[in-house]
Amino acid sequence: MTQKNRITGGQIDRTRTLSFTFDGKSYAGHPGDTLASALLANGVRLMGRSFKYHRPRGPLSAGSEEPNAIVQLRSGARQEPNTRATVAELFDGLTASSQNRFPSLSFDLMGVNDLLSPFFAAGFYYKTFMWPAKFWEKVYEPIIRHAAGLGALSKQDDPDEYDKGFLHCDLLIIGAGPAGLSAALTAGRAGARVIVTDEDFRMGGRLNAETFTLGDQSGADWATATVAELAQMPSVRLMPRTTTLGAMDHGIYSAVERVSDHLAAPLAGKPRQTLWRIYSARALLTGGATERPIAFENNDRPGIMLAGALRAYANRWGATVGDRVAVFTNNDDGLRTATDLQAKGIDVAAVIDTRTGGPLLPGIRHLQGAEVTGSTGRLGLSSITIRHANGRSETLPVTALGVSGGWNPNLNIASHHRGRPVWNETLAAFTPGPTGPVGLTAAGAAAGEMSTHAALHGGANAAIAALSDLGRTATKPDLPSAEDAPLNLSPKWYVAGKGRAWVDQQNDVTVKDVKLAHQENFVSVEHLKRYTTLGMATDQGKTGNILGLAVMAELTGKSIPDTGTTIYRPPYTPVAMGALGGRSRGHDFKPTRLTPSHKWASEQGAVFVEVGMWLRAQWFPKPGETTWRQSVDREVLATRACVGICDVTTLGKIDIQGTDAGAFLDRVYANTFSTLAVGKVRYGLMLREDGIVMDDGTTARMGQNEWVMTTTTANAVPVFRHLEYVRQCLYPDMDVQLISTTEAWAQYSVAGPNARKLLQKLVDQDISDAAFPYMACGNITVKGTRARLFRISFSGELAYEIAVPTRYGDAMIRALMEAGREFDAVAYGTEALGVMRVEKGHVAGNELNGQSTALNMGLGKMVSKKKDAIGMVLSGREGLTTEDGLRIVGVKPVDPAQPLTAGAHLLGHGKAAIAANDDGWLTSVVYSPHVGSSIALGYLKNGAARIGERLRAVNLLAKTEVEVEIVSPHFVDPEGDRLRG
Amino acid sequence: MRYSGFRVIREALTGHKGWGPAWRDATPQAAYDYIIVGGGGHGLATAYYLAKEFRQSRIAVVEKGWIGGGNVGRNTTIIRSNYLLDGNEPFYEFSLKLWEGLEQDFNYNAMVSQRGIINLFHTDAQRDAYTRRGNAMILHGADAELLNRDQVRALYPFLNFDNARFPIKGALAQRRGGTVRHDAVAWGYARGASDRGVDIIQNCEVTGIRRENGRVTGIDTTRGFIGAKKVGVAVAGNSSTVMAKADMRLPIESHVLQAFVSEGLKPVIDGVMTYGAGHFYVSQSDKGGLVFGGDIDGYNSYAQRGNMPVVEDVAEGGMSLMPMIGRARLLRSWGGIMDMSMDGSPIIDKTGIDGLYFNGGWCYGGFKATPASGWCFAHLLATDRPHPTATAYRFDRFRKGLMIDEKGQGAQPNLH
Amino acid sequence: MADPLLKPLTPLGSDTPASATIGPVTITEVTDTALASLAARRGQDISAAAKAAGIPLPGPGRAEQAAPYAAFWLGPDQWMIEAPYATHEDITAVLKPVFTEAASLTEQTDAWVRFDVTGDRLPALFERLCNVDIARHGAGFATRTMLEHLGCYVVIRTTGHISVLGPRSSAASLYHALTTAAKSAF
Amino acid sequence: MIINHPLLGPRDAQEFTYLGDAALMNRPDGLSFPTPDAAQDAFHDYLYQRTNPAGEHRELWYHEQGDRSWLVVTRNTVTHEITAVELARDVARAQGRSK
């Protein structure tokens, strides 16, 4: 467990040692390490395999742009595929394993793909695997799918919890490097509400990875001191380990905070991650820049990495990638790597500089006008080949190579609204354009201000500008002096050569692939990306896209900006699905609505069913009942024979008041209500403007200007919305006030011959037929408690619905059952309710399918033409009024023993089972103990005229077919004598 | 140039020097018999079938950007023919049959992969509706099965069966459903059309539709006027803006639909699945990414991007259905502009203007329809009669009350 | 007054209100308040009548207390009136004479479950629940918003005391959401 | 998105339910037509035909999780920029709608 490549310095806590394993082997690291820095310190360069050719790979970067060092973190249900080792914070006991290799990382049989690479050129699969036709799915695709993907899911439920939250600020600062910190200092001291997010666990950005000083302290120390000051400001919220994912509309940003990913497991009650929705008045993008490589033959070996990363590992993490290193650069920043590493006592074999004429580095072999043409080393870099300015070739043994092709500003988020970046010639890079998200500006390296000095001042100035937009004044803090050196970059994208030079390392897209795409006319950026998969890997092309674009530009003879731009979509880096889902999963996916009788029903052992958000009692099993049918039949028979009680609270209730309430109801209902007498209830049919039935229900007139509308359970919300629409948008001067009272009243249906006797025991008023006739309603009291009574029936029996304030709902069901004992009262659930409404021929959800008219439902006469109501006009369209259109019918099996199936279609005798012979279907099917067979409601072409006809109810899914008779939909008491009894 | 395994091997051994352009970049000629506006899947397919099946010539496809850059390049790649209504099912079944022979037909491997689609149900009412639908599908010659809970569990044991707010009760399955490599569809049709003489004109935006006494004479474009005997518009997403150039208003709104893909994962989901208790559907690509989506954002939009509420809604659905994906990462999101019609079904019809034809209103079901849409639109353009499977897709169905409303939501586009 | 025959239950289904203390906050189920919605009829100015009866009618997004009454704004020309349940069990009957035909009154007492959240650092709790900027708004702020998929009223009584009124049938889900968020926050 | 409610100030659009083009407020009077055909023509245009502009769009949003106001929001469908928000009831009255 020796950290052979651990060197001095760095921001790691050497007083504590953390142990972790990679591919089963144990290693040691320190707090402050990432998995990648710790592995490098332990001399491990090989960390992964590429997607297509299974090439051995080590880290290219030291950040979230990493394409190569992708591992599987943790194990069991917490297994976390495709984790970037370069940002995985080390914790004691961390376990990680390599991906996409068999049998082992160092010996991967799939490496054979690399030898066959000529056959796997870009888009090869579009051109073959077509013969014979069947073979694609049977043979070829299974092989391709088997090779697909990198890491694997555990297939177990994610055991961790996730939170969501909402934050508000004047200024959101994305990235806590020099620009972000100076901006935060500026805005914070001005008292503005500031949120600073940074994806790193240590704020400071590149300041933590560089050796130059700010004033008289090191960059890292300045960052630490600044963060400490900001932490003291009550109006500033510092959010490390927080990645801002994307820019939404109107200043809203999404961000994910990795609350517990640096721990072995989240603490009790704490989430693994939290998704924040940040509402900002202004936002600053200070996300820095990402270094890009220069492509050359075999530029993907472990040990070859970005020069800035090589430097960061040494400076921030006290780790070197090798004892002998070289640097390949086209700009001055690359030179820093050489000087920093040499200062750390590492042997810098050479600096290969594509430029000529500049000053030579003292004490370092600085080769100008040279380039790296290749590399060797099976599982890690062992040597590079150099082509000198004079054309001479030299092989140089090194174990690490730092490559710098320049830096790309992290404009990612600035392009989320498809704003076009602009090309900066000096940097040979895109910078955020003027058309980014409203309220967002970029500063520091993200805006192309590459020097530390420029970043510090750019950040402060941007903060001052943003606050002045908001009418606040801020003053620029005294910023320390800092380096202000130019990059002196001379563009170099790839080194010409015969071999393969990688552009997109994870997806194995090479310069050759880009050339092939061009040759086949896939020249637009979108085509290039889609054809070669350039930039489609887990790093989203943060380092590679620009290379591909540059190669394509060269081939088309256009400039890079004329060839295309690199724009991005959210999220900035891949984000766990769990975080986006938050707590809404499992039983908490949606809230649960409980009825007033829920507690009592549970005590009775009721079986519950989800009805929208509601849980309703489906049936009440009694001892000895072994099937649900026994319970439901009993509930139905007992209700029709004696009396049954059902919780109908879930029906929507809307309180409608005002002097124009009657006229209002005439507009929203197809039938007339204004003429309804006080103390009476009427059944109403509500249409959509297109003439299709929207909902039905009863509305009671409780007083001159006071009405109570009931809706179906499913439509309570949409109907209320519709009523408000009609009230506010269509008839703004109607005197109508609305409010929902669905939850305020516990409502029970009491149905059956003994319903009145039962209720009279509890109701203080006279409810005799004379005093309280069919369709009456009124305010009453139940032994002194205020209540409402409606004489309405869904079951076809003598029935009432009684409502008490919800707090008394539990007591009421108990009182009803107690009072009903002498009549053998039963409680019935939604199944029995359904049986009885089908027996009575009432339409419900399955008939109210949003495709049916009043005419279809046999209720055509309810649509009054004498008044203007929503849906009246368009319900008259020819296609909705054909004589032989669908009509609701009752359906019975000819052989009572045969069960019907809802959804079965109706066909004539001897007619083939083809659509042309399709006459209709069964909408609702129940077993009717009253009829003694399964019965159904259905929609049948010209149904009203076909009563008595015999058809086949065909269910081709179960390959069953039942001979049925078409009957009236009213299976019980068609004359309605019972209702009025 | 014909593609084949042998050709790939030969090219591999000779440095791939022999591959030519997949399609020709054409410059506009003065006039054509047919101009198809829109170089997306439907437009390219229309041109391809016009040339191949209806033996027409002098055909151009004009595209304002790059071909395949619209919805054919930004969808969730699902194919199926599991529709309920007579107006739809024959058309989508025709489309599915065309998919089944497509690659051999246009000599391009679009990776048509019939790994099956299941629509989960969670209530008795949903089961009844799926039973009705499954029977309708079979009556129209399509395949359908009803799976019970155990059969679903056997397929996908990792779904949330034991801790669900809305328990899975079963599923409607169509084994012939599946996925297709979406970009390859555009490229395959483009290549096939180009090989048959169709001019594919990129970066050519229509600025006007010229008419003389009620008849189309051609189109003004950013690359000049191009004469045409017949103009077919297939620009779903932008239908209203393009048809406005012919002074037409449509029963269509443009809405944004977001879609998502996860990082590449080892195979875990074989087929396509839709959740019945939330807005979530998912499949896994041959590259390993979970491709998933949900509902449209719900407001008119021409911006190819959406907002957080839908992202979260989709993730909540996904987490509820398969809690294992909590540790999978969402890699990329994108937005496509959907032609949301007033009944959720498309329009393939003539217009009041002679020589001007319209194809649109695909809502978010357009990708699976690509072959049949192209075929039927070509049929209409070439014969002036609707194809037998597309007779219901008329403009006047709303006036006549003959809506094709699968969801029963009425004239509110964002609910379809 | 109700006959002992019918005994009330709290929204959480118990005889006594629930309460939980998590870290610095206490979440308590409140059942001693009667509620009625008050909506002015078209063209009616009810402010005078309300003033005479000592009933506050706060403006949009506001809540106001004036014992025994309190009120918060629901929508244009519409308020929720709060009063002690003990004295105003049949609250609409009490208010009807005040407004007569000038306003519509609807009993809302049992339509809602009310949880009072008290203690320090309430913003740290509410930022995990809803998009209301609690830290920015002080006492007297009232709004409806979404909280774990539930449409709730959030009423800031004082900086250390916030009422959440949610749909009564979802009382258990709302209580679960509040306590879970508190455990996560503290 | 954020909708600046005329009474309540900035609110997350997630609290609202979207309906569509504000022209849906211009509902004809169903009894004002000489023939059913004429009425159906008018209602067909009213209900089904949409301008669906790429640009400024006046549209109806309902504050379902708020104060239940219907709002007329003027929003650019390309940039999503919102330039005006009015109470639908005021707009309806201004357009001469009454009872």
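## Where chain A meets chain B

B:Arg327 forms a salt bridge with A:Asp158, and their closest N and O atoms lie 2.8 Å apart; a salt bridge here is a side-chain nitrogen of Lys or Arg within 4 Å of a carboxyl oxygen of Asp or Glu. Across the interface of chain A and chain B, the rule finds twelve salt bridges. This is a predicted model, in which local features need pLDDT of at least 70 and side-chain atom pairs count only at pLDDT 80 or more, while totals for chains, interfaces and linings use all residues. Residues are numbered from 1 along each chain as its sequence is written, chains are lettered from A in the order in which they are written, and side-chain values use heavy atoms, with hydrogens and water left out.

**Extent of the interface**

- Chain A brings 118 residues to the contact and chain B brings 119 (heavy atoms within 4.5 Å).
- Together the two chains bury about 10,200 Å², with 55% of it on carbon and sulfur atoms (accessible area, 1.4 Å probe, lost on being put together and summed over both).
- A:Arg145, A:Met577 and A:Leu957 supply 8% of the area that chain A buries against chain B, more than any other three residues.

**Strand pairing between the chains**

- Strand S31 (residues 575-576) of chain A pairs with strand S16 (residues 329-341) of chain B in the antiparallel sense, over two bridges (strands are DSSP runs of E, at least two residues, numbered from the N terminus; pairing needs at least two DSSP bridges between them).
- Within this pairing, A:Val575 has B:Leu330 in S16(B) as its bridge partner.

Technical notes: Helix = DSSP H or I, 4+ residues; strand = E, 2+ residues; numbered from the N terminus.
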